[in-house]
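Trainee: I would like to learn how to read contacts and pockets. Can we work through a case together?

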Amino acid sequence: MTATANPNDMIHVRATPEEKRSTIIGAVLIALGAYIFWQFGLGVEPGLQATFNLSLQTDTVQGLAWVVDPRQFSMIIGVIVAGLGGWRLTRRALQYTNLSLAISFLLLVMAFLAWAAAGSQFSLVGMLRSTVVLSVVVVFGALTGLMCERVGVVNIGIEGQLLAGAFAAVVLSSAFGTAAGVLGGVAVGALLGWLLAWLSIRFQVDQIIAGVVINFLALGLTSLMSARILSEIQTLNAPERIPAIRIPFLADIPVLGAMFFDHTYFVYGMFLLVFGIHYGLFYSRWGLRSRSVGEHPKAADTAGINVYWVRYRNVILGGMIAGFGGAFLGLAQVARFEENMTGGIGFIGLAAMIFGRWLPIGALGAGLVFGLSRAVQQKVAILNTGIPSEFLFMVPYIVTIIVVAGVVGRTRPPAADGIPYIKD
Amino acid sequence: MALELTGITKRFPNVLANDDVSLSVGEGEIVAMLGENGAGKTTLMNVLFGLYTPDEGEVVIDGKPLEFGSPGASIAAGLGMVHQHFMLVPVFSVAENVILGLEPTNGVGWINQKEARRLVNDISNRYNLAVDPDAMVEDIPVGVQQRVEIIKVLIRDAKYIIFDEPTAVLTPPEVEEFFAIVRGLKEDGRGVIFITHKLNEVIEVADRIVVLRDGKSVGEADPKATTQSHLAEMMVGRPVDLVVSKDPAEPKDEVLSVDRLVVLDDRGQRTVEDLSLSVHAGEIVGIAGVQGNGQTELVEAITGMRPALMGNIRVGGVDVTEFTPRQMHHLGVAHVPEDRQESGLVMAFTIAENMVLDSYYDHPYSRGVRMDWGVATDAAERLVREYDVKAKRVDAPVSTLSGGNQQKVIVAREFDRGVKLVIASQPTRGVDVGSIEYIHARIVEERDAGEAILVVSSELDEVMALSDRVLVMFEGRIVGEFDPTTTSTTEIGLAMLGSGGNDE
Ligand SMILES: Nc1ncnc2c1ncn2[C@@H]1O[C@H](COP(=O)(O)OP(=O)(O)OP(=O)(O)O)[C@@H](O)[C@H]1O
Ligand SMILES: [Mg+2]
């Protein structure tokens, strides 16, 4: 017999954390739905149209567009978002809380864009393409963090590894050609990975401090050399931009082609790495051993696995991924080196790793959220909506903070994350 | 063919953990190793398994000398070890834990999952272990986790297998099953070293008994020709009283009252279901039950570590259902947690720091923002003496203590506070007979001083010996209440399995 079975019972049921969270998010979504309804729906003058262009000039299929009435469109979206919120308030199907949140986020973006583009045109496909491009460095950064944390080493130095990778790639590419640049970026990343591993494994230096050291080292050295050398010898800061490779047939698909199949090999490499590391982590010997070292190093040791070697290997591999990401930044995205050109994106990568629950596919998703916020910000800045551009510039970071600070719910890092392994 | 250790000496800073120990185990032989907490049993086995490098001595396995300091080398030489604190990755499946280190792959590094499952099933069937290869280790009971450890050892085809206190975490029926497994290993021609503090087990299963004291081997005994009290005396060096002597309880006011409590476990299952109980000042109430029937969640809810879904908890009339652990502490509730390393101690802190861990902010240890370490050290030194904690200095990290001595640190801290209510989970887990005698006497003393005491233990003998009232918990409910002086162990044992008992 349970307490609830007896109607005369005055015992009240306390909510579980998931239920509380569902309620809070429900309330937030209802408020958001109402805001969308009034601001982006009723806030638009009747009769205006918003045109979303779905073709780029480079596309095979030209002239695709999607025309909506922003008033109606946003009002409907407001109702849907509020409806999702009401559903959350019922505290049923708790496993759908995150999905509701993700859908609401996308709908919010759509309504916002319709409102911003009311009475004019807007290249939706261009924005989607930018989303992918702008997420690349974040995803590489997240993968770096994940490679390290999965074996129990916290890497705060991703930012520095990206920056140093970019610098090496730009200089070597300018001097000796693209291949040398990419390899050099990867090698410098590996070197900084090794430094982190060496400091934190050999000397058991606090891993956070070791990471901070790497960041300052990278920022200081690259800024110094950039000011002293690159400003003097400008040919060293003029790498050839790495061209995109159109994938036959796939690149001709409307929208998707421009989004995914007309990029540099870095972007294809990112997708391969994400899926490769994901499946490798869970289905390969490498992954099993790596995870065991991050979760319970002593158990790994007693199973005959060399904990130190596994940590060295993964942290260096992580550094190489960061170096590769830096090469993308320096050789494909920007095609020159600028002081502190990473501008904190390595930290965003770290956040994406957490948001993605230490899973590569999760990190990709988180990276795309960041990329989308950045892309929206860039496109909307052009649309002249009256929103201060400084505010728009903050948005991607705010989104990241909100997401990491708990909207995502409880996540579980590897159990031995950040803890040195000491024998005897 | 045999495993032979000769003249092993292992020193830690300030401690001589093993002093010229020699030992041999033959094929098909079960050797039991006894010794007080801190006698050096675990250290000796860790040397054997390559986790520690000895300062002197040598090990020969089947004629070949063993290379020290590498678990890999020990495994290759045919050694296997089931550790005192399990070496399993909680978020891995059984199969993943078993194959870790010798993964069957398809040649390019992808794990052959089918083969992994087959390996587990093969051994599980051969030794009747009934383990599901796909279960997550964190979801299965400790008894089954131990079988996973055994499979790990067998899959590496270990010829000599070390069990470090394997029965400390098992329930009586699981212990019987475990003995059946060990006998199977013996018939297979494997040698077994078996460490325990339970003297009856040693007599039941061992072929030969070795006793360590203060790092030295102090003699052997023949299980057929010895008695428990003789063994206890060999270990401790003095006669030990194996039964608790106490007067009948004189219960006074109600201190703890739990009313229709419902608690969820980590996976959201209702593991405590409509449970009510009360404990009065001056009595010891024991909760018996097979581990995993909600005892853990019950204790966590009472001590404020886990929210209650429904129901109420009162201490001395105050509703404490939504209190935090610190508020509970202030109210005068002491708690000996079930997992000492997880929630009882900060392993990297010193013994003294751990002794004041829960009252460092109070008089007399704290003066304003400053700690008075002099007072804290004095208090810690007194407790270390009283509870016979084997430690050279109270400023050594608690992680350097042996398992049983870590337990004594917690028990000393919690029972020394002079509180209203003590909740003790597995208070003597891994503690040697001499110290059990002392801890039990202390618990009775606190009772007589008017404290209310709730003891939760999967050790039926302990519950029977200590309690004034025994409650049996099964599937989250109290299924019976017994008077231990008039009830037989068998009757309670049956109730623990959910059959019989005087169900309300
Ligand atoms: N890493 C270490 N550093 C310093 N001292 C240690 C370390 N490990 C163990 N010791 C000390 O060595 C002695 C033997 O410890 P050991 O763990 O072998 O005891 P044990 O016989 O297994 O006891 P128990 O029955 O309590 O498990 C103890 O005095 C302990 O404090
Ligand atoms: Mg031990």
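Mentor: Start with the polar contact: a pair of N or O atoms within 3.5 Å; within protein, one must be able to donate a hydrogen and the other to accept it, and residues adjacent in sequence count only if both atoms are side-chain atoms. This is a predicted model: local features need pLDDT of at least 70, side-chain atom pairs count only at pLDDT 80 or more, while totals for chains, interfaces and linings use all residues. Residues are numbered from 1 along each chain as its sequence is written, chains are lettered from A and ligands numbered from 1 in the order written, and side-chain values use heavy atoms, without hydrogens and water.

Trainee: Which backbone oxygen lies 2.8 Å from a polar side-chain atom of A:Ser290?

Mentor: That of A:Trp286.

Trainee: Is A:Ser290 buried or exposed?

Mentor: Buried means under 20% relative accessible area, exposed over 50%, partly exposed in between (1.4 Å probe, protein chains only). A:Ser290 has 0%, so it is buried.

Trainee: How do I read a pocket?

Mentor: Rolling a probe the size of a water molecule over the atoms shows where empty space is left. On a 1 Å grid over the protein atoms alone, a pocket is an open set of points where a 1.4 Å probe fits, with protein on both sides within 12 Å along at least five of seven lines; lining residues have an atom within 4 Å of a point.

Trainee: Where does the second largest pocket lie?

Mentor: Domain 1 (15-119) and domain 2 (130-404) of chain A both give residues to its lining, so the pocket lies between them. These bounds come from an automatic or database domain assignment. The lining has 48 residues, with A:Phe105, A:Leu108, A:Val109, A:Val369 and A:Val399 nearest the centre.
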